[in-house]
Amino acid sequence: MKSEGQLWAIRQLKEISAGSREAIEIIEATDPAAEHHALTVVVSINCRPLEKKEEGIPLRARERLRIQIPWNFPLGRPEVFFTHNRYGGFPHVQWGNSICLFQAPDVEWQAARGMFGFMQRLSEWLKAGAAGKLDPVGMPLHPPVAYPVANFRVVPRQNAPEPEDSYWSGYVEITRETTYVAELGRWIERTEEVPEVRLATAILLPTTMPFEYPETMLNLLVALIDRGVPLEIIRLTMTIGVLRTEAGKPAIFIIGAAMRGIAGGRRLQHLACWHIDAAQADKLRAAAIAATADNPIDEQAFYAWAFEAKVEWCRVLEDRPEIVERRDGMSAAAWWRGKRVTLLGCGAIGSAIAMMLAKAGVARLHLLDNGVVTPGILVRQGFRRDQIGYGKTDAVRITVEGADPGITVVPKHENIVSVLADDVKRAEMLDADVVIDATASATVAAAIETHFRHHPKPRPPFVSMVLGHNADMGLMTLTPGNSVGASLDIDRRTKLSLSGHAGGAKFLKEFWPTDPSRRELFQPEPGCSSPTFRGSYADVLALSAIMANVGAGWLREGCDLPRAHAIDLSHNSKKRPEVQLIWQPYLVLQDGIHGYEIRVTREAMAVILAWTRRSERTQNDRTETGGVLFGQVDEFLKVVWVDEVSGPPPDSHASPEAFVCGIEGVAALHQEKLTRSTGSVTFVGMWHTHPTALPTPSRTDLGAMQQLLGDKKAFQGRSFLMLIVGGTSKRPIISTGLFERGDYAPP
């Protein structure tokens, strides 16, 4: 009894036959033998009109084909066979008569088109087969077929040698092995020294093999001998392979032929694998060990076995770069391939990022963390329960090597701040294409910042990543290798930019909270655990993946300006969920008094020069001008940031001899900037000009500092930055000096 789908298929075939003008005839139809069995239909197809080429399939005037229509048609795809085996040596014909119509059946088979689509595809195949165009130029060659009979697989990971003579024979090192899989590494030519390691025997040909590989050892030997491989070479290399196989394990053999690649292009090696089961391998090994010149029992054992043996073909899972096009080749993550990455912190973000980098194919991961895997962190960090008690770096190493054993992983269970203080360890840490800081530690950020403040040598770019308190927001910054500051500096710039950005308020509240309720610490194990954020493994992966891709995009583009990316994945997000920020480099000046580094934003300097030009334009008598500087002083880093400036307050007094800065409105400006920046921008000093002169502090300038800092009643600050602009606005000469109260009076 036919199924509904099979009945539909028969109706369609009859309709196709009726409209074909006898080009397609239904010869017979055999009902399914039982429920869920296939319906068999034999058809005759007119092949006389097809253009035939010498290299094509020599189709007869009419060909009979057997179509098997599955019970669940059209969800199930029909199969088609020649009723003879004459075309078994041609591509896309398997088992001597099975026609391979679809390269990717799940994509190409359209159920809705039913038998109409199937017969059209069959017609196209016959036309291409007759013309010798089943492997058209520019398309991948259909590989030969070795029907697997053994439940064993090999994974070649390195490109195969190209045979220069009639054959290449040697060995492949087996780098990793389980009960069902062996990974293959280095190829070793037969004349090289054979290492005392587990090996597979290999014979590679510059020519082709039969499209369907032999099923018996005798026929395989004949095929190799016909292609110029001496029988004695085959036996000797196989014997070495058996001797390098441990007792109780199968001996593995690789056959290669130039049958892989793009039609019309360079031919690469198509690899097939077969093996000798462990029991037979043990017998051949014992015979090889016991053999003598007078008693060559190894030869006798080999030929006796080869005369009777079936070839136990195994499946080859390709991982050779020359064969496999990576599925992530067009993604942002492709940038990480082959890179050396130092990862600071192997916790929530770090353990997730490490696996992403491993999948992307990094060459080396240098891991730094002194934490230990504990039960509570398993819900959101990339560790297993059997890794509890491991150092996090070792646990990440195990996970990464499980994903790709070819990655060099350097786990260091150490305090990152201590590493930064050690010249040798710091050099190892910085020997990378990029450093990722996933610690979310203010102390680590400060340590990195102070190191690069005092050791401004070339360094790799730094990418810093942090999550919000509910793991629904993320913030990432990039510090290029040529930047003046490091991640602490970029964090500060991010904070200030978000305060003036249309979509920045929510990120500012998240990462620099002022609400007392947001400052409450979450301790999963109260009293004995470090404060952390709340969130799931899915939350961490979602944000980490976005940041990893965005960071890769930055690095791929070679970005030489510092930047930040904030992302909002919270459910209550109604506006644009992300913010991108980029900054121009600072104008960097040196304080000649106490060795501070003065970092002036381009925007602030533009305002100073604008006021200078205005004075030049309106005052012809070289009258000085000036204003107020707002920013921040960091006594630990010995850095002064100048972020914003003002022109002269209304009560200022200006003349060619001096500029006396007024104070009217300065307190209000100070308070506005302090509030807007939540404490990061405040009054730091004043600027003034020395028109067409050198920017050297005058006696008046020095006297003002003496008066200002010598009396706490006049000025309560601990320091005062003086910035002087000499020359002209077109060719300014700028100097700075940070005057401290201790220079004039006891603290």
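Reader: Which residues of helix 1 are buried?

Author: This is a predicted model. In helix 1, the buried residues are Gly5, Gln6, Ala9, Ile10, Gln12, Leu13, Ile16 and Ser17. They sit on the same side of the helix, because they cover an arc of only 165 degrees around the axis.

Reader: Why do residues three or four places apart point the same way?

Author: An α-helix has 3.6 residues a turn, so such residues point the same way. In this structure, helix 1 spans residues 4-18. From its first C-alpha to its last, helix 1 reaches 21 Å, close to the 21 Å expected.

Reader: What covers the buried residues of helix 1?

Author: The cover includes strand 1 (24-30), strand 2 (39-46), strand 3 (62-69) and helix 3 (114-130).

Reader: Which exposed residues are on the face turned away from the buried side?

Author: That face carries Glu4, Arg11, Lys14, Glu15 and Ala18.

Reader: Now the nonpolar cores. How many residues has the largest one?

Author: The largest nonpolar core has 46 residues. Trp336 and Ile436 have the most contacts inside it. Several elements give two or more residues to this core, including strand 14 (340-344), helix 8 (348-360), strand 17 (434-437) and helix 15 (537-556). Apart from it lies another core of 34 residues, among them Ile24, Val41, Ile57 and Leu126.

Reader: What does Trp336 touch?

Author: Leaving aside residues up to four places away in sequence, its contacts include Val341, Leu357, Val434, Ile436, Ala548 and Leu555. Trp336 counts as buried because its relative accessibility is 3%, and the cut-off for buried is under 20%.

Reader: On to aromatic pairs. How many does a search of the whole structure find?

Author: The search finds 17. Take Phe302 and Trp305: their ring centres are 5.8 Å apart and their planes stand at 55 degrees, so the pair is tilted. Both residues lie in helix 7 (residues 297-308), about one turn of the helix from each other. Phe302 is buried at 4% relative accessible area, and Trp305 is buried at 11%. Next, Trp335 and Trp336: their ring centres are 5.2 Å apart and their planes stand at 80 degrees, so this pair is edge-to-face. Trp335 counts as buried, at 14% relative accessibility.

Reader: Which residues form one aromatic cluster?

Author: Trp8, Phe73, Phe102, Trp109 and Phe118 do.

Reader: Last topic, salt bridges. How many are there in the whole structure?

Author: A search finds 41. Start with Arg235 and Glu232, whose closest N and O atoms are 2.6 Å apart. Both lie in helix 5 (residues 231-243), 3 residues apart.

Reader: Which salt bridge links distant parts of the chain?

Author: Asp431 and Arg340 meet in one, at 2.6 Å from N to O. Asp431 is in the loop between helix 11 (423-430) and strand 17, while Arg340 is in strand 14, 91 residues apart. Asp431 counts as partly exposed, at 37% relative accessibility. Arg340 is partly exposed too, at 27%.

Reader: What about Glu318 and Arg320?

Author: They form a salt bridge, with the closest N and O atoms 2.5 Å apart. Glu318 is buried, at 18% relative accessibility. Arg320 is buried, at 0%.

Reader: Which residues are linked in a network of salt bridges?

Author: Arg157, Arg176, Glu183, Asp319 and Asp404 are.

Note on methods
Residues are numbered from 1 along each chain as its sequence is written. This is a predicted model: local features need pLDDT of at least 70, side-chain atom pairs count only at pLDDT 80 or more; totals for chains, interfaces and linings use all residues. Side-chain values use heavy atoms; hydrogens and water are left out. A nonpolar core is a set of buried Ala, Val, Leu, Ile, Met, Phe, Trp, Tyr and Cys residues joined through side-chain atoms within 4.5 Å. Buried means under 20% relative accessible area, exposed over 50%, partly exposed in between (1.4 Å probe, protein chains only). Helices (H or I, at least four residues) and strands (E, at least two) are DSSP runs, numbered from the N terminus. Contact means heavy atoms within 4.5 Å. A salt bridge is a side-chain nitrogen of Lys or Arg within 4 Å of a carboxyl oxygen of Asp or Glu. The expected span of a helix is 1.5 Å times one less than its number of residues. The arc is that of the directions from the helix axis to the C-beta atoms. Rings of Phe, Tyr and Trp (its six-membered ring) pair if their centres lie within 6.5 Å; planes under 30 degrees apart count as stacked, over 60 as edge-to-face and the rest as tilted.
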